[in-house]
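Me: Got a model to go through with you. Can we start with the helix angles and how they are classed?

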Amino acid sequence: MPAHVKKEAVTEIKSQFSDSENVLLVDYRGLSVKNISALRRKITESGGHFIVYKNTLVAIAMTELALPELGDLLEGPSAFIFTGEDPVAAAKVLKDFSKDHAELELKGGLVQNQVLDSDALTALAALPSREELLAKLLGTLQNPTRGFVYVISGPSRGLVTVLDAAAKKAA
């Protein structure tokens with residue numbers, strides 16, 4: 001690869017790292033082109049971007065951006081999944097895909113400038129998604145209000161019950 005092509009590739013990689021908050025790495029050896037295309041499609045649907053770069057060029061770009069070194073994660077063929085705020089969605093896709101395709105190996109990643117190994121990436125995939133966490137938070141925030149409304153409506157509910165019992169007794 002000529003030097004000017006390598007410089008352009010490093011610039012592109014730096015741009016990807018700058019635009020993404022999180023990067024997940026997988027070893028895709030053994031997957032067919034059809035399977036890789038299916039994985040790419042699923043990653044894109046989850047808000048990620050699947051791309052393959054040379055490990056040496058990624059290491060250069062990360063050094064120039066002063067990002068933590070990925071060390072052993074950059075050994076062997078690597079596909080990089082760049083995500084925005086929510087790395088959990090892409091991690092779930094990778095974990096689910098690897099269940100059906102044993103060839104896909106989760107290597108690790110860089111999540112909010114913290115290097116993750118494969119075990120940490122698997123644990124990340126087990127977390128609830130951002131939407132699930134927001135729904136749980138909303139439910140937790142609504143519980144005191146719901147309880148307050150229930151307590152306030154108690155006396156009127158009791159009055160209605162007494163009046164209903166009196167009406168049935170009179171009839």
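Reply: Angles under 35 degrees count as roughly parallel, over 145 as roughly antiparallel, 65 to 115 as roughly perpendicular, and the rest as oblique. This is a predicted model, where local features need pLDDT of at least 70 and side-chain atom pairs pLDDT 80 or more, while totals for chains, interfaces and linings use all residues. Residues are numbered from 1 along each chain as its sequence is written, and side-chain values use heavy atoms, without hydrogens and water.

Me: At what angle do H1 and H3 pack?

Reply: About 60 degrees, with the axes of H1 (residues 3–19) and H3 (residues 55–64) 9 Å apart; axes are fitted to C-alpha atoms, and angles run from 0 to 180 degrees between N-to-C directions. H1 and H3 are therefore oblique to each other.

Me: Which residues of H1 and H3 make the contact?

Reply: Lys6, Ala9, Val10, Ile13, Lys14 and Phe17 of H1 meet Leu57, Val58, Ile60, Ala61, Met62 and Glu64 of H3 (contact: heavy atoms within 4.5 Å).

Me: Now the sheet. In what order do the strands run?

Reply: E2-E3-E1-E4-E5, an open sheet of five strands with antiparallel pairing (strands pair if DSSP finds at least two bridges between them).

Me: Where does Arg29 lie?

Reply: Arg29 is in the loop between strand E1 (22–27) and helix H2 (33–45). Beyond four places in sequence, Arg29 is in contact with Pro77 and Glu103.

Conventions: Helices (H or I, at least four residues) and strands (E, at least two) are DSSP runs, numbered from the N terminus.
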